[in-house]
Amino acid sequence: MMLTLTVAEQLCGVPVLSVRDVLGVQVITRIPLAPREVAGSLNLRGRIVTAVDLRSRLGLPARDDGKGAMSVVVEVGGELYSLLADQVGEVLTLNAEERAPNPPTLDAAWCGFSLGVHRLGDQLLVLLDVERLLELSA
Amino acid sequence: MDDLLADFLTETNEGLARLDEALLQLEKEPSSRGVLSEIFRTVHTIKGTCGFLGLPRLEGVAHAAENVLGLWREGTLAVTQEGVTLILSAADRIKQIVAGLEATGQEPAGDDTPLKAALDAAALGEALPEEGDHEPILAEEEAPPADAPLAASPEGAGAGGQAPQTIRVAVEVLEDLMVLVSELVLTRNQLLQLARSESNAAFAVPLQRLSQITSDLQDGVMKTRMQPIGHAWSKLPRLVRDLSRDLGKRIELDMRGAETELDRQVLELIKDPLTHMVRNSADHGLETPEQRRAAGKGETGRILLNAFHEGGHIVLEIGDDGRGLNTDRIKAKALSQGLATETELAAMNDRDVHRFIFRAGFSTAAEVTSVSGRGVGMDVVKTNIERIGGIVDLRSREHRGTTFTIKIPLTLAIAAALIVEAGGERFAIPQAGVLELVRVGPGKGPKVEKIKEARVMRLRDQLLPLIPLKSLLRLEAEPGQSDAEGFVVVTQVGAQLFGIVVDRVFDTEEIVVKPVAPILRHITMFSGNTILGDGSVIMILDPNGIARATGLGSEAASDHAVRKEEPRGGMLARQTSLLLFRAGEGAPKAVPLSLVARLENLKAGSIERAGDSLVTQYRGNLMPLVPLHSFMSPPEAGHQAVLVFGDGDRAMGLMVDEILDVVDAALDMDAAGVRPGFLGSCVVAGRVTEILDTGFWLKQGQPDWFEPLAATGARPSLLVVEDSDFFRNLIVPAVMAAGYDVTTVPNGREALRLREAGERFDVIVSDINMPELDGLGLARAVREGGIWAEVPMIALSSRSDPRDVERGRAAGFSDYIAKFDREALLTSLQQCLHPALAR
């Protein structure tokens, strides 16, 4: 089961079991000196959630449509992180047979984050490796 | 009852409760290794602990039972029903003895020989099924039932009558409670914030009440988790004693800040690393008496344990005054292990080289000793400490010693914080580190000034280094915001004062420090983050991290202990904690609290007469007791209040009528109406109080302690450099009473810091053996130049043979006198100040 989300037109999926919450646009406190990908932190019912901007993380241009980002809150290693995406879609059950390995031409950075590609009708869905996404170096 | 014994009983009772069950289960499934192991462990623990507590009966029975269980566990002996019965009866016997212990605090009398013999026979294996040996076992089994009613009744009473004063709660439960309370506090804060903007008064009162209760609850829950660090240290004196005997070294263990409270869980986790480090200090750090003598140090090595809170952290220092790390040897080893190249090593400073000892598998000990060379290296210590979010570091100087510093964050602390704004972002600064707030701006008042790029501010007489938060955190300046306008948060880290420049200052708020996400943990500027009353997330600034990042106070931790004792240089010497007590007629008496080692309430019966004097047995020694006035005699019955003065092995008790209070007061003494035994009187808590001349009374108890004094003078200023609290406190009242203005510092380095600060003194009195910078080093540094170059210096030392005196003079001391000779000190002071008069 995957939750689909869109980052700069690209359809991505994260395992629904690791998702704790999906939030609309949030007030995000910037964190000085933090890695570029860290957008800041936000308050989720009393817990502090670190927001990681997927666009920045995936090496995509910054959002310029003036709209805020949606938060997909995931839990990794007991910590909550919010993955900032442009849009959040639906929950899909994916057929394992439709899954293909990363094409060799895929951007090297993406290869690290992608667990594979799903053919989904006329669209391609990149399966994101949440843990790898959150391995941010200083 | 002894704390240890009480703990033991609680534990043993828990173990025994499980033991029966487990034994019965074992009978059903004799092959279950898990059950057998559990039984073995329980019995083994009982045996081990009671050996330690000196409970021979219990130990004997547990030992015999353990033998049998051990063989079962190994598989050497088959588990039989008879065997289980035997172990059960041993368990019964243990219960019986434990019940007796609980009731009386002593092991009840009784004979366990038949039971032990039966167990031993069972351990021999074949003997068990034999009829001949079986009989006594059965006979033995008859015996417990006869005892049983006896045993049962105290046990029953134990359960019903004296309910246990403590209960054990799983740490998890406390942990959950803490989390809930933290959330409650945050919610309360949000409510308060809402209420502030609402004018609906109906909520005000209940909200106030809710707020109060929340605070109390928070305190309560915090308390359940806190334990003084002394608990983790309790076994160290014994360890050090044994080590000093095994290693043939003379070691003194100095523990400071034992009352510093620490989260229980953290405490448990640091116990082992701490023990390991103390072991290391004793084994590798300290030298043998011969080596120390050869190095010109006192024979007794010193291990100092120090704990204190620092800005939301607990800092632990484990230091010794031993040989220090051998930098060259570490370099050689690092090279041979391929950890660094020659070029890299050459570029490293000593401190970085020393840090190699934290690498896995790194040990420079020439030989592996039984004490610390067990393959558990400093790397394990480091890993364990880092696992709980701590930092470990060390400082070492060859021949001076090594000090390890462990810094553990209080991840769950609730603290007051100042909310500030810089570059449009808000931050929290823990209030504990904030000394004052200064508004800076154009016009009159303090200004931010620049020396090249460095910003400073003149604060009273000091030049305060400033750190603009905006540039530190690389925040863009808001347009129109002038750099020279804003607030300076004056902060202290270690001995270093600095100012953090912010744009705006808001309220203070109670915050729950939450650790930052792992991906942000490398930013040392923040100690955590929190949620404010308005629901927004805010980063908590860490003044220590800021100081480190900007190169300020890099030796912060090392200076801290000093700062705690002397926060304002000479000011502390004026404000002294006094113990007030009553003895005989007239004014209350007082003595500087720091001079008193302990307060005791001795039972009348424990006071004995030896010749003309009174003595009592105290901690394994005879301690002389001195009545404070001649017509005071020990009580026939009841208790006698005694102030115990002690210095290492020597102790003396002063009998007083009643201990009244402890107050902080200025020791501004008036020598009017001085009589023997008192330094004079001063006004304490609104009453004229006589200040005890401790020296006089110590001499009464032990005539060889030192000589008393009575002298007066002008008010020349005196700098006393002395690391021992005891002697420092002894010198200070004496010289103050003699009319000197006294400033004290614990070592030469601190003294030089005062020189740098431009402080002037008429005379410097210095100890010789001190950590950091010793007396000789200080004298040399003073004579080298600077404002103190001409100031007379008097060395105080316990060693005063001509060679030492010569060394002292060569280093630049004007005079060299024995440590306890106050008369000589005062004479020498007089001579230094009025050389013409004296001649």
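Colleague: In which sense do E10(B) and strand E14 (residues 486-493) of chain B pair, and over how many bridges?

Modeller: E10(B) and E14(B) run antiparallel, with 6 bridges between them. Two strands are called paired when DSSP finds at least two bridges between them. Strands (E, at least two residues) and helices (H or I, at least four) are DSSP runs, numbered from the N terminus. In this pair, B:Val438 sits opposite B:Val488 of E14(B).

Before we go on: this is a predicted model, in which local features need pLDDT of at least 70 and side-chain atom pairs 80 or more, while totals for chains, interfaces and linings use all residues. Residues are numbered from 1 along each chain as written, chains are lettered from A and ligands numbered from 1 in the order written.

Colleague: Which order do the 6 strands of the open sheet with mixed pairing follow?

Modeller: Reading across chain B, the order is E10-E14-E15-E13-E12-E11. Strand E10 (434-440) and strand E11 (448-451) of chain B are at the edges; each has a single partner strand, so one of its sides has no neighbour in the sheet. On average, neighbouring strands here are turned by 35° against each other, direction ignored; strand axes are lines fitted to C-alpha atoms, and angles between N-to-C directions run from 0 to 180 degrees, with helix axes fitted over the stretch in contact.

Colleague: How many residues of strand E15 (residues 496-502) of chain B are buried?

Modeller: 5 of the 7 residues in E15(B) are buried, so to speak "mostly covered". A residue is buried if 20 or more other C-beta atoms (placed from the backbone) lie within 10 Å of its own, exposed if 12 or fewer, and partly exposed in between. E15(B) joins E14(B) through 7 bridges in the antiparallel sense, with B:Val490 and B:Gly499 as bridge partners. Strand E13 (residues 462-468) of chain B runs parallel to E15(B), joined by 3 bridges, and there B:Pro468 stands opposite B:Val501.

Colleague: Which order does the open sheet of 5 strands with parallel pairing have?

Modeller: In chain B the order is E31-E30-E32-E33-E34. Its edges are strand E31 (741-745) and strand E34 (815-818) of chain B, each with a single partner strand, so one side of each lacks a neighbour in the sheet. From one strand to the next, the twist averages 20°. Helix H24 (residues 775-783) of chain B packs on this sheet, touching strand E30 (717-721), E32 and E33 of chain B, and its direction makes about 150° with that of E32(B). Strand E33 (residues 793-797) of chain B is linked to E34(B) by 4 parallel bridges, and B:Ala795 has B:Tyr816 as its bridge partner.

Colleague: What does the UniProt annotation say about B:Asp767?

Modeller: The unreviewed UniProt entry carries "modified residue: 4-aspartylphosphate" at B:Asp767. Such positions are given in the numbering used here, feature names are shortened, and annotations may be inferred rather than shown by experiment. In the model, B:Asp767 belongs to strand E32 (residues 763-767) of chain B. B:Asp767 counts as buried because it has 24 C-beta neighbours inside 10 Å. Beyond neighbours within four places in sequence, its contacts (C-beta atoms, placed from the backbone, within 7 Å) are B:Val721, B:Glu722, B:Asp723, B:Gly775, B:Leu796 and B:Ser797.

Colleague: How far does helix H2 (residues 33-53) of chain B reach from its first C-alpha to its last?

Modeller: H2(B) has 21 residues and reaches 30 Å, close to the 30 Å expected at 1.5 Å a residue; the expected span is 1.5 Å times one less than the number of residues. An α-helix has 3.6 residues a turn, so residues three or four places apart point the same way. The buried residues of H2(B) include B:Val35, B:Ile39, B:Thr42, B:Val43 and B:Ile46. After H2(B) comes B:Gly54, with a positive phi near 75°.

Colleague: How many residues does the largest nonpolar core have?

Modeller: The largest core has 77 residues, and those with the most contacts inside it include A:Val52, A:Ala85, B:Val489 and B:Leu541. A nonpolar core is a set of buried Ala, Val, Leu, Ile, Met, Phe, Trp, Tyr and Cys residues joined through C-beta atoms within 7 Å. Another core, of 40 residues, lies apart from the 77-residue one, with B:Leu718 and B:Val745 among its members.

Colleague: How many residues does each chain bring to the contact?

Modeller: Chain B brings 21 residues and chain A brings 20. Helix H7 (171-197), strand E17 (526-531) and strand E18 (537-541) of chain B each supply at least two residues of the side that touches chain A. E18(B) gives the most to that side, with 3 residues.

Conventions:
Contact = placed C-beta atoms within 7 Å.
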